[in-house]
Amino acid sequence: MRYILNFLVVVLFIALTSCEEQGYSSSERDVMYRNIDLTDSMDEGRRRGVLDSLTTSLFRRKYDSLTGSLLFKVAGKYYNNKNYEKYAELSRKILNVSTNSGDSLSIAKSLHYLGDYHDMKSQMDSALTYYTASEKLYRSLKDSVNTGRIQLYKAGILYNIGGFAESETLTVDALRFLKPVTNLRLIYECYVQMALSLKELGNYKASLHYFDLALQTLVKLENEHYDVAKIAMSRAACLNNIGQVYFKQEIYPKAIHYFEAGLKTASLKQYRSSLYATLLNNLASAKMYTHETTNVENMLFESLQIRETENLKYGIVSSKIKIGEFYLGKRDTVKALTYIKQGYDLAKQINSNYDILRALTLLSQNDKENMAYYTGLYISSNEYIYHLQMQTRNKFGRIAYETELMEERNKILLQKNTYIIILTLITAILFLAILYIYKLNTAKKELLYRQEQQKSNEKIYNLLLAQQSTANNARDTERRRIAMDLHDTLVNKVFTTRFNLMQLQTKNEEKKKQLVDELEATQNDIRKISHDLSENMLPQDIGFREMIKDFIKSQEAGNTLKFDLHFDKFIDWNIATGELKINLYSIIQETVHNVIKHSGASLCTITFFLESGNLRLRIWDNGTGFDPKKQVKGIGLKNLYERVRNINGDLNILSKPGKGTAINILVSLIKV
């Protein structure tokens, strides 16, 4: 299985590489999605390495919506595998590149992801800031589902910091967006959030109504073949929340009924042990208040054991305080205070304000020796927590207000600028009309100039070819002379020497035979060299290639810069026009000079190859690179664009500071 997995990962990298220039089709994207999912089967170290490599590969190509969707897929894998810092880092990179490309949907989604990161880190102000920016973009894109989703997440944040009324308002807004699009899962979550907020506001009847709507929505999801296990876990969570509503109303028998119903969920302990522990703890609490102590102690400690095993700190605090309450009921004050103090200490570590106040209440009432101390501590903590909640809620309110204020100011500014924009457009139209007339007058002059330039280019190329031809003829003549001298002179002399040696009488016949054989072998070698020299004089289309090679050799001399030059053997240079060749020569000449002068590179690669019947020239160096957007006005780049335009080619420049430069030119070999 491991080898198959490795093979598929290799296939993924091949797919990524092959799409570097051409982009992706929908089917290729789907294959890549599936291959990214294969990382779920890897061990943590290998999975992280593969995801890092995928991220690097995806950022090497031009960003588009399909590349963005793959990057979001990788980010999701980081999050699911609890590699949250990598998740945040990749989300920030996607935000930067999507901002540069103007991809509004990806900007909104990356802001959404960063909001999730800060929400998970309990950095509520940052989470709300990112969510608010994301929601604004989703609204402008008329994306109802994600607008509702973000409002629901914001409602959850406000609920967590005690803004129950604000949470209720945002949840209502979320439902307005989500109901028309019938996203049942998000509607279910809205009903649950609404019910929780209403419970904390003391509106228990309405809270139970929304929990009932949530259960009905789960039935609808079940009918639509939603994941059965997820529905079962959601139903168990709903039953737990309903039980808590009755618990708060002190209707303990009904609370017990719902807690027990939740615990009957199949495989609950296996798949959601944290929820199982919560239900167990809540059931024990409800039974304590009905003075039913059967198995209560065992349930409390089983819940604590699960929470400690999974390091669920908030659950551990709740369990320890609840066990303390149990021992208070048993009048075992020593044990009770021990567990309550442990819960209090952990609550302070994790800033669980509700549990801090709950523990201090119990300590101030039952620790007779330190009653005054804990009472004072409760009063100061209660005031501090109240002010902290108010500050946080005010901060969130200020963020929302400033966002709305900014939008209002933008509307006013837009109205004020309407007349200016209209006037500017009229002026621009007049200017463009004048410019158009001017261009019509200069078009003929430019056409004549281009024709003269083309003729000049042809003459230059013909002169270069003539020079190259002269050099080739001289080289061929010298080869013929050497071949004739070898064959007519040296071969005959070796033959005569061998013949005379064969006639020589000697006592050492074996040595004589060895010398004769060596002379015969030498004679054959000379014949072969002579023959090879003659064969290499066949005419070849090497004029243009030799011109480029000679130029590169001249540039290597006296420079530390090394060149790597490649020609595709399948290119038929005979069908290329002189204009094309001289422009390609000039492009290489100017580019190489720029590499030597500005890049500080140690290697420059120049490659000619066929691509779908067209000629592609690629020039790459490992130098300092530059930002093409900031240097578009340079004379060198202007000349490069002009020459590519002269041969009706496509030019693509890829460069970043510190990352080298790659120039790609695609042009037809045949003049169209």
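User: How many salt bridges does a search of the whole structure find, and what makes a pair a salt bridge?

Analyst: The search of the whole structure finds 19 salt bridges. The term needs a side-chain nitrogen of Lys or Arg within 4 Å of a carboxyl oxygen of Asp or Glu. Please keep in mind that this is a predicted model, where local features need pLDDT of at least 70 and side-chain atom pairs count only at pLDDT 80 or more, while totals for chains, interfaces and linings use all residues. Residues are numbered from 1 along each chain as its sequence is written, and side-chain values use heavy atoms, with hydrogens and water left out.

User: How do you know that the side chains of Lys86 and Asp52 meet in a salt bridge?

Analyst: Their N to O distance is 3.7 Å, and the limit is 4 Å, so the pair qualifies. Lys86 belongs to helix 5 (residues 84-101) and Asp52 to helix 3 (residues 44-59), so this pair links distant parts of the chain, 34 residues apart. Helices here are DSSP runs of H or I with at least four residues, and strands are runs of E with at least two, both numbered from the N terminus.

User: Why is Lys86 called partly exposed?

Analyst: Its relative accessible area is 28%. Buried means under 20% and exposed over 50%, with partly exposed in between (1.4 Å probe, protein chains only), so Lys86 is in the middle class. Asp52, at 24%, counts as partly exposed too.

User: What makes Glu85 and Lys121 a pair that ties together parts of the chain?

Analyst: Their side chains meet in a salt bridge at 3.2 Å, N to O. Glu85 lies in helix 5, whereas Lys121 is in the loop between helix 6 (104-120) and helix 7 (124-140), so the tie joins parts 36 residues apart in sequence. Both are partly exposed, Glu85 at 45% and Lys121 at 36%.

User: How are Arg176 and Asp173 placed in helix 9?

Analyst: They lie three residues apart in helix 9 (residues 164-178), about one turn of the helix. Arg176 reaches 59% relative accessibility and so counts as exposed, but Asp173, at 23%, is partly exposed. Elsewhere, salt bridges that share partners join Lys322, Glu325, Asp355 and Arg358 into one network.

User: Why is the pair of Trp573 and Phe608 called edge-to-face?

Analyst: The search gives 20 aromatic pairs in the whole structure. For Trp573 and Phe608, the ring centres are 5.5 Å apart and the planes stand at 80 degrees, so the pair is edge-to-face. Rings of Phe, Tyr and Trp (its six-membered ring) pair if their centres lie within 6.5 Å; planes under 30 degrees apart are stacked, over 60 edge-to-face and the rest tilted. Trp573 is buried at 2%, and Phe608 is buried at 1%.

User: What makes the charged end of Lys109 count as sitting over the ring of Phe72?

Analyst: It is 4.8 Å from the ring centre. The rule asks for NZ of Lys or CZ of Arg within 6 Å of that centre and within 35 degrees of the ring normal. Phe72 also forms one aromatic cluster with Tyr79, Tyr84, Tyr87 and Tyr113.
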